[in-house]
Amino acid sequence: MITAVQIGMKRNNLVPGLLFGLLVAVSVGLFFVPAFIIRPFRPQSPAGLTLAMAVRQQAPLWSLVAAGAALVLAVVLWGRTSAWKRILLVLGVGLASAAAVMTRVDYFEWMFHPVAAPGFESAENVKLDPAQMVMAVRFGSDSRAYPIRAMAYHHVVNDTVGGVPVAVTY
Amino acid sequence: MWKRTLGERELHFRLAGINNQNFLMRDEETGSWWQQVTGKAIFGPLKGQVLELAPSDELTFGLWKQESPAGKVLAPVAADERHYENNWEPEVQKLPTPLNFLGSGLRSRDVVVGLEVGGASRAYPLNLLSAEAPIQDRLAGTPILLALGPDGKSVRAFVSRSQGADLELFRKSGSPEWMLVDSSSGSEWNFQGCATARPAKGKCLERLPALKDYWFDWRNYHPGTSTYRH
C-alpha cells in the first residue's frame, strides 16, 4: 500500500515538475530571446527585429504571469520533493523572477545613461576645443549646440529649443 | 534631429536597442519603437508615424560659436563625462559592421554626406568632398551645392539657385574670408548660404538637410542611392 502511494505521488510530481520547468523557460526566454536578437555588432533581419520588439512589448506581463505561476507550483511541490529538487525549485523561481525584472528594465540605458534634464552653458563660457564637432539647431533666436563627444555617448537628448520640442539623436 | 511632437502630442524618447548599428528608441508615452535614422515608428501603437525633421547642422564648435555667439551648449553630465570620447572616430573605424554592400566602391565605414532631393538620394564620400569642395551637382533636376566651411570640417548643402537662375559657384581666392562667388553676377555668398555683396545681397540659398553617415548605414536606408564620383 505504502509503495503504491509513493509511486502515485511521484507520478503526480512529474506533470507539475515539467510544467514548472516550462514556466521558468518561458520567463527566461521572454527576456533572453529579444536580448539575443537585438545585440550590437550583429545583423538584425527585419523578421528577427519584429519578433524581438513584439516579445519585448508583451514580455513584462507574461514573464510576471510565468514567474508567479512557477512560484505557486514551487510551493505546491515543496512538501513532496527531496532536498536536492528543492534547490532546483529555488533556482527556477529565482531565474524566472530575475527574467521578469529584466523585461521591465531598459538595460541599454545601463551602458549609455540618459540625460535626465539637459543643462546648458553659454557659448562664451564653455570649455570645448574649437575643432570638436557639435550638432547645432536654431529655432527663433534660440541657438543650441550639442557636442558630439556627449551625443555619441547619450545618443538621445530630449530638449525644447525656442519652444519647439526636439529629440537630438546621434 | 527630430521634432518630438505628433500633432498636439509631445513625446519623450529613450535609447531602447540597436538595429544593424542604428539605434532604436522608444517613446515613454506609448512604448512604440522608432528608428533613429529615419524618425519612423516601426513597431507599437504609433507604427507608421514619421517625425518631422528638425533642421540641424553638424559643425565644428569654433564655427558654430562664430555664428551663434549668444548660443547655448549642452553641458556634460558630470557623472558620465568620463565615458565621453574625444577621439572616438578612429575607434569606431575599427568596429565591425553588421551589413556590407559589395560592389559599391566604398568601404562600410567610409563616411558619406547623404542628400535626399525629390525622391532621389546620393552619397558624397567625405574624403572626396574635402578634396573637391565646393561640389556642384544635380539631383532629381535640382542644382546642388555642397560646401566645406572655413574650418575645413563643417559641411552644408544648398540648392544652388537664386531668383530663378542656377548658380555656378567658386571659392573666392585671395580673400582672408571664406566666400563663394557666382560666376554670372559676381555676388558673394557666405557659408550660411547668404549673399553678402551686391547684386544678390540679402538673398539666401535654400538649405538642404545633409546627413553625415557611414556608407553601410546610408545605403541600408537608401537602397536606391547613387554615389557621387569625380
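Reader: How many Å separate the centres of domain 1 and domain 2 of chain B?

Author: First, the bounds: they come from an automatic or database domain assignment. In chain B, domain 1 covers 5-43 and domain 2 covers 111-227. Their centres, taken over C-alpha atoms, are separated by 30 Å. Chain A is also assigned domain 1 (2-105) and domain 2 (115-170). There the C-alpha centres lie 44 Å apart. Residue numbers start from 1 along each chain as its sequence is written, and chains are lettered from A, ligands numbered from 1, in the order in which they are written. This is a predicted model, where local features need pLDDT of at least 70, side-chain atom pairs count only at pLDDT 80 or more, and totals for chains, interfaces and linings use all residues.

Reader: What pLDDT does each chain average?

Author: pLDDT is the predictor's confidence in each residue, from 0 to 100. Chain A averages 91, with 94% of the residues scoring at least 70. Chain B averages 91, and 100% of its residues score at least 70. For the complex, the predictor gives an ipTM of 0.91 and a pTM of 0.88.

Reader: Where in chain A does pLDDT stay under 50?

Author: Over residues 1-8. A contact requires two C-beta atoms, placed from the backbone, within 7 Å. Residues 1-8 of chain A have 0 contacts beyond four places in sequence.

Reader: What is the strand order in the open sheet of 4 strands in chain B?

Author: Strands of a sheet pair through backbone hydrogen bonds, either parallel or antiparallel. Strands (E, at least two residues) and helices (H or I, at least four) are DSSP runs, numbered from the N terminus. Two strands pair if DSSP finds at least two bridges between them. Here the order is β4-β5-β6-β7 (chain B), and the pairing is antiparallel. The edge strands are β4 (13-19) and β7 (40-43) of chain B, each pairing on one side only. From one strand to the next, the twist averages 40 degrees. Axes for such angles are lines fitted to C-alpha atoms, for helices over the stretch in contact; angles run from 0 to 180 degrees between N-to-C directions.

Reader: How many bridges join β4(B) and β5 of chain B?

Author: The antiparallel pairing of β4(B) with β5 (residues 22-27) of chain B runs over 6 bridges. Asn19(B) stands opposite Asn22(B) in β5(B). Gln21(B) lies in the loop between these strands, β4 and β5 of chain B.

Reader: Is Gln21(B) buried or exposed?

Author: The test counts other C-beta atoms, placed from the backbone, within 10 Å of the residue's own: 20 or more is buried, 12 or fewer is exposed, and in between is partly exposed. Gln21(B) is buried because 21 other C-beta atoms lie within 10 Å. Arg161(B) counts as partly exposed, because it has 15 C-beta neighbours inside 10 Å. Arg161(B) is found in strand β15 (residues 161-162) of chain B. Leaving aside neighbours within four places in sequence, Arg161(B) is in contact with Pro143(B), Asp166(B) and Leu167(B).

Reader: Which residues touch the most other members of the largest nonpolar core?

Author: A nonpolar core is a set of buried Ala, Val, Leu, Ile, Met, Phe, Trp, Tyr and Cys residues joined through C-beta atoms within 7 Å. The largest has 68 residues; Ala70(A), Ala96(A), Val134(A), Met135(A), Tyr146(A) and Val168(A) touch the most other members. Helix α2 (residues 46-78) of chain A supplies the largest share, 10 residues. A second, separate core of 32 residues includes Val113(B), Ala195(B), Leu205(B) and Ala210(B).
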